[in-house]
Amino acid sequence: YNSIFNEPHNCQDGKTYSNRNHILDDYNPVKLPDFLQEAVEPSEQTKVILAGATGFIGSLLLRDLLLHRKRLGLFGGVIVICRQKWNKSARERIDNLLKQEMFSFLTDAQKRDLVYVIDGDLSLPQFGMSDDDYYNACNLQNISLVINSAACVNFTEPLERAAVSNISTALQLQELAFKLKGPKYVYISTAFVHGDKTGVERNP
């Protein structure tokens, strides 16, 4: 198995990349869905809210939202909701993420101006914010999408903790989207969600 991040790498389209920064640009499985472009009404201030940006899928989403911001009409950038962790502030965690090579297409000034960080814990009521800070979050302007890529993917978690991490957080972000009065809510589920199907393939 060769990771798409190894170099050099031969993609399905026959191209060979020697610079890892460009591997993802033409890698279809991680391309930004077209419906995100259709959901955005471009303006100079249009932004999206993204939760879960420090995760694997969330970091790819953040990268593509920033990389394709002109095509998507996201001239106002991305607002990231992130919590403190491992004695690092939310801002420090996002700054560390933006130092990775896959964000090297941005200048330091663009990283500062296009990525806004809200310090919030999605598992807590009002994201653990004060009443004033939560009120301000619920009255942000020009938000086109609220994207929820935050989840606990440890399937050995106790049920109560998993429910808080995956259900409570999703409901609270839905509430935020509702209070913002306008943005569409995008939820990213795990590969183990089958809609109305039950059981497993070998035992339906």
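Arg 161 is exposed, with a relative accessible area of 51%. Exposed means over 50% relative accessible area, buried under 20%, and partly exposed in between (1.4 Å probe, protein chains only). Arg 161 forms a salt bridge with Glu 157. A salt bridge here is a side-chain nitrogen of Lys or Arg within 4 Å of a carboxyl oxygen of Asp or Glu.

This is a predicted model, where local features need pLDDT of at least 70, side-chain atom pairs count only at pLDDT 80 or more, and totals for chains, interfaces and linings use all residues. Residues are numbered from 1 along each chain as its sequence is written, and side-chain values use heavy atoms, leaving out hydrogens and water.

The structure holds five salt bridges. Among them are these:

| Salt bridge | N to O distance |
|---|---|
| Arg 63 – Asp 64 | 3.1 Å |
| Arg 112 – Asp 113 | 3.8 Å |
| Arg 161 – Glu 157 | 3.5 Å |

Arg 63 is buried at 2% relative accessible area. Asp 64 is buried at 5%. Arg 112 is exposed at 55%, and Asp 113 is partly exposed at 44%.

Now the sheet. Five strands form an open, parallel sheet in the order E5-E4-E3-E6-E7. Its edge strands are E5 (115-119) and E7 (184-187). Strands are DSSP runs of E, at least two residues, and helices are runs of H or I, at least four, numbered from the N terminus. Two strands pair if DSSP finds at least two bridges between them. E3 (residues 47-51) and E4 (residues 77-82) pair over five bridges. Val 48 has Val 78 in E4 as its bridge partner.
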